[in-house]
Amino acid sequence: MDEALADYLRHLALEKNASAYTVKSYREDLLQAVDFFRERLGGQATVARVTTRVVRAYLAWLTEQGYAKTTVARRIAALRSWFRFLCRQSALTVNPAEGVRSPRRDKILPHFLSAQDVERLLAAPKGDEPLSKRDKAILETLYSAGLRVGELAGLNLDDLDLESATVTVRGKGKRERLALLGIPAQKALREWLQRRTELITPARKQPAVFLNQRGGRLTVRSVGRMLEKYLALAGLDPRTSPHTLRHCFATHLLDAGADIRGVQELLGHRHLTTTQIYTHVSTQRLQDSYQKAHPRA
C-alpha cells in the first residue's frame with residue numbers, strides 16, 4: 001500500500017502539477033484510510049483486497065468519529081481518485097470507491113463583509129513605516145484582485161505590471177490567469193515598492209513582492225496574523241479571514257451587475273458552479289431585505 005500511495009502522490013506532484021499543499025492534504029487523508037484498511041484487513045492488507053464493503057465501512061467509521069460532512073466527502077473523494085489512478089496503472093481492475101456515495105454536504109454561504117466594512121478595513125493600516133505600506137498594499141491587492149492568500153504570498157516582482165494594472169497569478173494546479181488592479185491597489189503597491197528595499201540587505205536578492213521584516217518572502221500564516229490585527233483595530237468580525245476578501249470581491253462585483261462569466265475568469269474558477277455560490281449570497285441578501293421590509297412578507 002505504501003508504494004501504491006507514493007506512486008500516486010508523485011503523479012499528483014509531477015504530472016498533475018498539484019501544489020505542495022494539495023499533495024500534503026491528499027497524503028494526510030489517504031494515510032488515515034490506509035491505517036483503517038490495515039486494521040480492518042489485518043497483516044495481508046493490499047490495495048487489491050480493498051472492496052466496496054471495506055470502503056463503506058471506512059465511510060461509516062469517519063461518520064462515527066464525528067467528522068464534518070465536508071471532511072468525510074473530501075476523504076472519500078481522495079480515495080476515489082487514488083483508486084482511479086491505480087485502475088489506470090492496472091494495479092486494480094475495478095474502483096472499489098466508485099459506487100460509494102459521499103454524504104450530502106450542507107450548503108454554507110461564504111462569510112463576507114459589506115462594502116462599508118471593507119472600506120473600514122482598508123483604511124486601518126496607517127503610518128509611513130515600510131510595514132504599514134506593505135500591509136495596506138496587501139489588503140488592497142487581496143480585495144482588488146480577488147486573490148487567494150497563497151496566490152498573493154507567491155507573487156513575484158515580475159508578475160506585476162502596474163502600467164497595465166494587471167498581475168499574473170498562478171492559481172490551483174499552477175494555472176495562470178490575469179487579475180486586475182484598481183486605482184487604490186495600484187497606488188498602495190507603488191508606495192510599498194518604493195519602501196520595499198528598506199527590508200532587503202544589499203547582498204540578498206528576493207523576488208517576492210511582499211516581504212517579512214527580515215527581508216524574506218511573507219508566508220500565508222503571517223498574512224492571517226496581520227489581518228487579525230487590523231480587524232481588531234477596525235472593530236470588525238474576527239471570523240474574517242484573508243479568503244473573506246476574495247468572497248467580498250466576487251459578491252460585490254455581482255451585486256453591482258457584473259457578468260458571472262467574467263467573475264469566474266477573474267477568480268480563476270474552472271467550473272461556473274463554483275462561482276454560482278456568490279449569486280446565492282446575493283439572492284439571500286435580497287430575501288433578507290424583503291423579509292425585513294415588505295409589509296406582507
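Aspartate 237 is partly exposed, with a relative accessible area of 24%, where buried means under 20%, exposed over 50% and partly exposed in between (1.4 Å probe, protein chains only). The model is predicted, so local features need pLDDT of at least 70 and side-chain atom pairs pLDDT 80 or more, while totals for chains, interfaces and linings use all residues. Residues are numbered from 1 along each chain as its sequence is written, and side-chain values use heavy atoms, without hydrogens and water.

**Exercise 1.** Find the salt bridge partner of aspartate 237 and classify its accessibility.

*Solution.* A salt bridge needs a side-chain nitrogen of Lys or Arg within 4 Å of a carboxyl oxygen of Asp or Glu. Aspartate 237 pairs in this way with arginine 239, with the closest N and O atoms 2.7 Å apart. Arginine 239 has a relative accessible area of 61% and is therefore exposed.

**Exercise 2.** Which parts does the salt bridge between arginine 195 and aspartate 128 tie together?

*Solution.* First, the closest N and O atoms of arginine 195 and aspartate 128 are 3.3 Å apart. Next, arginine 195 lies in helix H8 and aspartate 128 in the loop between helix H5 (115-122) and H6, so the pair ties together parts 67 residues apart in sequence; helices here are DSSP runs (H or I, at least four residues), numbered from the N terminus. Finally, arginine 195 counts as buried, at 19% relative accessibility.

**Exercise 3.** Decide whether arginine 148 and glutamate 151 are buried or exposed.

*Solution.* These two residues form a salt bridge whose closest N and O atoms are 2.5 Å apart, and both arginine 148 and glutamate 151 are buried.

Terms used
Helix = DSSP H or I, 4+ residues; strand = E, 2+ residues; numbered from the N terminus.
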